[in-house]
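Open the model in your viewer and keep the selection tool ready. The tour goes from one selection to the next.

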Amino acid sequence: MNDAPTRFFTAVRSRRSTRQYLTKPATSELIQKVLEDAQCTPSNCNTQPWMVHIVSGKAQRALAQTLLLAEELGQQKPDFSFDVSDFYGVYAERHHSMASTRNNAAGISREDVEARREDMLRNLSFYGAPHVALLFMPSFGDNVRTAGDIGMYAQTFLLSLVANGLAGIPQTILGFYADTIRRKLGISDEFKLLFGISFGYADHDAPDQQIDVGRATISDSVVFHS
Ligand SMILES: Cc1cc2nc3c(=O)[nH]c(=O)nc-3n(C[C@H](O)[C@H](O)[C@H](O)COP(=O)(O)O)c2cc1C
């Protein structure tokens, strides 16, 4: 019997952005499996523009320290802009709803600026995940098509993590330190950092760190023409 549709359904429906991990690393064989799945991602003209750096162990701990220092020194230098105040209407509403669901689950009140900042800083130590994949790309034209390809790669990677018993979280915030990361890892300026994916084994003893933030209905997102 072919059980592939069930496995696909389970992986898609159970995936959650995970913000607490066990320290146990994934084996390099398992990471290789995920990378092989992700490599099957389609792309514009089959350019396969992803250039991925996987950082683990000592190198990852050193990177976390460097990121926290860069944050302290105000050295944010993203390759691509990102400002949540650009969201409008329903998009701003969805952002606020997601943030309040998350904060409620974690017991962080909206007024507690310090706790919210602490929570934000957890991004820079990869939410305790033992690995991070940093998704770099070459820069062509206005970058939109290439970024689309990287997004597709990321989703294949995230679903493969789940199918292999792992969990992950995409993190735009890591891209705010593009220059710092390039310098620390010796990466050429030719490659721009879109975002990172921290990953490992989810800590299921922290259920508030893997929550369902909900989705709009299909009728909010899809228009049928016939
Ligand atoms: C490209 C991308 C970047 C993201 N960046 C961050 C981030 O920097 N920090 C974070 O905590 N979550 C980040 N997220 C996670 C989103 O908040 C999350 O995907 C969304 O709320 C839906 O929740 P779910 O992934 O659990 O379904 C990012 C997600 C995507 C797709």
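Predicted model: local features only at pLDDT ≥ 70, side-chain atom pairs only at ≥ 80, totals over all residues.

Residues are numbered from 1 along each chain as its sequence is written, and side-chain values use heavy atoms, with hydrogens and water left out.

**Stop 1: the ligand**

Next, show the polar contacts (pairs of N or O atoms within 3.5 Å). Pick Arg 215: an N or O atom of its side chain is 2.8 Å from an oxygen atom of the ligand. At Arg 19, a side-chain N or O atom is 3.1 Å from a ligand oxygen atom. Thr 172 uses its backbone instead, with an N or O atom 2.9 Å from a nitrogen atom of the ligand. How much of the ligand does the protein bury? Taken alone the ligand exposes 620 Å², and the protein buries 73% of that; the areas come from the Shrake-Rupley method with a 1.4 Å probe.

Now colour by helix and strand, which are DSSP runs (H or I, at least four residues, for helices; E, at least two, for strands) numbered from the N terminus.

**Stop 2: the largest pocket**

The ligand takes up the space of the largest pocket. A molecule sits in a pocket if more than half of its atoms lie within 2 Å of the pocket's grid points. On a 1 Å grid over the protein atoms alone, a pocket is an open set of points with protein on both sides within 12 Å along at least five of seven lines, and lining residues have an atom within 4 Å of a point.

The volume of the largest pocket is about 2000 Å³. Of its 47 lining residues, select Arg 19, His 95, Met 98, Ala 99 and Arg 102, the closest to its centre. Then select α4 (89-106), which gives the most to the lining, with 11 residues.

**Stop 3: the second largest pocket**

This pocket holds about 270 Å³ of space. Select its lining, which includes Ala 4, Phe 8, Asp 37 and Leu 159. α6 supplies the largest share, 5 residues.

**Stop 4: the cavity**

Finally, select Arg 19, Arg 102, Ala 106, Asp 208, Gln 209 and Ile 211, which line the largest cavity. A cavity is a set of points where a 1.4 Å probe fits but cannot get out. About 30 Å³ of space lies in this cavity.

Key. Polar contact = N/O pair within 3.5 Å; in protein donor to acceptor, adjacent residues only side chain to side chain. Points joined across faces, edges and corners; volume = space filled by probe spheres on them.
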